[in-house]
Amino acid sequence: MIAASILLYREKKLLGIKNLLKRAFDYKRITKKVWYVPIIFLMPFIYVLTYILMRFAGLPVPNVWNPPLLTPLLFIALFFAAAGEEIGYTGYVTDPMQARYTALTASIIIGLIHGAWHFPSEISIGQSLGLIIWGGVILAVSFRILTVWLYNNTGKSVFAAILFHAVTNTGRSIFPGTRSAFELGDGTIGYGLIAITALIVVFLWGSKTLARFRYARSGA
């Protein structure tokens with residue numbers, strides 16, 4: 001967000017920054033309310049499926065889930081944290097990248113940059129190479145594909161991207177046993193499911209725009 005604001009100030013002064021920041025709450029762009037379903041429920045569904053598969057695989061995840069009482073406050077904090085990233089990645093970078101490349105290529109490039117941004121912290125806390133690959137690279141690219149997909153199908157709403165990001169991070173944080181349990185086995189189950197979901201989205205909505213459903217009726 002800071003980088004985008006500096007660049008916008010050079011181009012359009014304070015007005016450009018103001019207009020960019022306002023996009024954090026551009027929920028009115030989401031005219032098709034059905035898109036709130038994947039924005040809010042897609043990642044929680046993946047987390048539930050991850051938990052079920054982890055249990056079947058015999059991984060030591062807790063049998064009982066006790067979500068923290070402060071989850072609503074955590075969500076609010078993560079919403080503003082997500083805004084700090086998505087105002088830049090989605091609000092400033094995504095449209096120019098899509099104008100130059102396909103939506104899929106733009107997503108991959110932004111995702112790789114997003115992933116690289118996390119490398120220092122991942123290395124400093126001693127994450128394994130496998131977890132850095134799954135949680136730092138594969139997740140970053142898959143998550144960006146899903147974010148651009150939602151963005152392009154919600155009237156270019158940055159709010160949609162921020163909300164999706166916040167729900168994603170909140171769900172992983174309150175996963176049974178917390179994030180450390182979610183990332184058992186280098187996170188291959190959970191992050192693998194997210195990657196599979198991204199591939200399904202690319203197949204169904206097309207790599208060019210991620211917004212043309214393959215099976216939509218003609219003229220719909």
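A residue is buried when its relative accessible area is under 20%, exposed when over 50%, and partly exposed in between (1.4 Å probe, protein chains only). This is a predicted model, in which local features need pLDDT of at least 70, side-chain atom pairs count only at pLDDT 80 or more, and totals for chains, interfaces and linings use all residues. Residues are numbered from 1 along each chain as its sequence is written, and side-chain values use heavy atoms, leaving out hydrogens and water.

Start with helix H5, residues 129–153. Helices here are DSSP runs (H or I, at least four residues), numbered from the N terminus. Of the 25 residues of H5, 20 are buried, so the rest of the structure largely encloses this helix. Just after H5, Gly 155 has a positive phi of about 70°.

Now turn to helix H2, residues 36–56. The axes of H2 and H5, lines fitted to C-alpha atoms over the stretch in contact, come within 10 Å and cross at roughly 160°. The two helices are therefore roughly antiparallel (over 145 degrees). Pro 38, Ile 39 and Leu 42 of H2 make the contact (heavy atoms within 4.5 Å) with Leu 146, Trp 149 and Leu 150 of H5.

Thr 197 lies in helix H8, residues 188–205. Thr 197 counts as buried, at 16% relative accessibility. Leaving aside neighbours within four places in sequence, Thr 197 contacts Leu 42, Ile 46 and Leu 146.

Terms used. The expected span of a helix is 1.5 Å times one less than its number of residues. Axes are lines fitted to C-alpha atoms, for helices over the stretch in contact, and angles run from 0 to 180 degrees between N-to-C directions. Angles under 35 degrees count as roughly parallel, over 145 as roughly antiparallel, 65 to 115 as roughly perpendicular and the rest as oblique.
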